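Here is a short note for a first look at this model. Please read it with the structure open.

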Amino acid sequence: MPVDAFVTLSRATAASLECWAVTAPGVERLAAAELERLGIAPGATEVGGVAFAASMAQLRQANLWLRTASRVVVRLASFHASTFHELERRARRVPWAEWLAPGTAAEFSVTSHKSKLYHQRAIAERLAGAAGGGAPPGDGVPVQLFLVRLVHDEVTLSIDSSGALLHQRGYRLEGGKAPLRETLAAALLLASGWDGTTPLVDPFCGSGTIPIEAALLARRIPPGLHRAFAFERWPGHDAAAWEVEREAARAAIRACAEVPIVGRDRDAGAVAAARANAARAGVEDDVDLAQASVSALAPPAGPGHVVTNPPYGVRIGDAARLRDLYARLGQVLRARCAGWTLTLLGTDRRLTGALGIPLTSRLLTSNGGVRVQLLSGRVGAAKASA
Ligand SMILES: C[S@@+](CC[C@H](N)C(=O)[O-])C[C@H]1O[C@@H](n2cnc3c(N)ncnc32)[C@H](O)[C@@H]1O
């Protein structure tokens with residue numbers, strides 16, 4: 001790029017915004033498919049995200065509807081900067097006032113690779129200066145996040161349109177022992193091929209994330225319906241159009257899930273949390289949540305889908321107990337769910353192997369820093385009853 005080359009985006013004049021849906025690694029293709037279903041053509045996919053071009057209305061839709069993305073950012077500017085002087089001079093050309101509302105504090109998250117400028121705080125301070133500072137941070141002051149990436153002295157400046165990460169749908173205030181991210185629960189469901197027309201069972205439902213995300217999917221409830229987004233504070237935000245769009249989404253919600261969505265857990269506290277979370281999500285009548293151990297699982301008439309996130313141990317001494325639990329789950333499924341599809345998160349082939357159900361790896365991602373595989377397979381019939 002020539003030294004003076006500068007690409008910047010003005011909301012007033014841009015026909016389309018250069019957007020990037022951030023995802024957990026491995027989940028990019030699912031987010032791309034979600035964009036396509038929204039009528040937005042996905043662009044290049046890289047580890048951790050999908051590019052797409054969008055109008056403001058489409059950007060709002062992406063935030064409202066994407067179930068597997070963790071945030072959506074918009075590229076504001078790309079330019080070369082190998083000195084602070086260059087950084088400041090070019091950053092002053094960004095039309096900050098179009099993006100940063102008065103009374104909002106600007107926060108810069110900086111990463112730098114193989115660049116002369118690498119001191120993250122100093123870079124953030126210079127950019128804050130160029131942006132006019134924004135409001136001083138403080139209690140109750142809204143914060144607008146900007147993401148800054150330097151690679152080989154090329155700066156990419158993006159603005160976060162989401163605010164709180166998108167897995168924060170607003171319903172899960174009560175967690176179980178190891179709650180699954182809502183975005184990963186949605187990824188499991190979408191990867192499983194479940195389409196809301198066959199029964200769904202999670203025998204290890206914990207705080208209910210998988211059944212609740214399933215009910216949201218089945219009823220076409222946008223995951224972001226009950227939360228706010230950063231773009232709502234952008235100057236010139238079209239609040240009237242946004243309300244019309246949300247109202248259209250509300251009006252298209254199905255009255256109820258047409259199939260049983262079942263969550264079981266042996267822990268009474270987890271089931272109570274799952275029920276409270278389901279109520280907050282507005283799907284308490286769509287999910288059947290009860291306390292039961294896996295041995296007592298009584299699935300509805302199928303075939304359907306078992307989608308689950310079974311316990312996986314990290315403590316010494318867990319291994320044998322967990323292998324028994326997985327073996328038991330395999331027996332129960334073969335005896336009572338023959339012909340169903342099983343989709344689960346697995347960390348350890350020795351555990352998933354104990355199921356005795358042939359599984360194919362669909363994708364590799366991470367859950368709370370642990371590498372996990374999303375596996376699925378068809379449950380065969382039992383040779384003897386369980
Ligand atoms: C990894 S957590 C599931 C977390 C859940 N997906 C969520 O989002 O909260 C595993 C769950 O399996 C439950 N569990 C362990 N052994 C069980 C058994 N034998 N039968 C039923 N549930 C069991 C635990 O109580 C725990 O809630």
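Which strands each supply at least two residues of the lining of the second largest pocket? Point 2 takes this up.

1. Basis. This is a predicted model; local features need pLDDT of at least 70, side-chain atom pairs count only at pLDDT 80 or more, and totals for chains, interfaces and linings use all residues. Residues are numbered from 1 along each chain as its sequence is written, and side-chain values use heavy atoms, with hydrogens and water left out.

2. Second largest pocket. Strands E2 (17-23), E5 (69-80), E6 (105-113), E7 (143-151) and E8 (154-160) each give at least two residues to its lining. Strands (E, at least two residues) and helices (H or I, at least four) are DSSP runs, numbered from the N terminus. E5 provides the largest share, five residues. The lining has 23 residues, and Trp20, Val73, Arg149, Thr156 and Ser158 lie nearest the centre. By class, eleven are nonpolar, six polar and six charged. The space is about 690 Å³.

3. How pockets are found. On a 1 Å grid over the protein atoms alone, a pocket is an open set of points where a 1.4 Å probe fits, with protein on both sides within 12 Å along at least five of seven lines. Lining residues have an atom within 4 Å of a point. A volume is the space filled by probe spheres set on the points.

4. Largest pocket. Its volume is about 920 Å³. Of its 34 lining residues, Lys177, Ala178, Pro310, Pro311 and Tyr312 lie nearest the centre. Helix H6 (209-218) and helix H9 (318-336) are the elements that give two or more residues. H9 gives the largest share, four residues. The lining divides into 17 nonpolar, nine polar and eight charged residues.

5. Ligand. There are 19 residues around the ligand (a heavy atom within 4 Å). Leu180, Ser207, Thr209, Asp265 and Val294 come nearest. A polar backbone atom of leucine 180 is 2.9 Å from a ligand oxygen. A polar side-chain atom of serine 207 lies 2.7 Å from a ligand oxygen. For asparagine 309, a polar side-chain atom lies 3.0 Å from a ligand nitrogen.

6. Arginine 60. This residue lies in helix H2 (residues 56-65). The side chains of arginine 60 and glutamate 245 make a polar contact at 2.7 Å. Such a contact is a pair of N or O atoms within 3.5 Å, one able to donate a hydrogen and the other to accept it.

Technical notes: Ala, Val, Leu, Ile, Met, Phe, Trp, Tyr, Cys and Pro count as nonpolar, Asp, Glu, Lys and Arg as charged, and the others, Gly among them, as polar.
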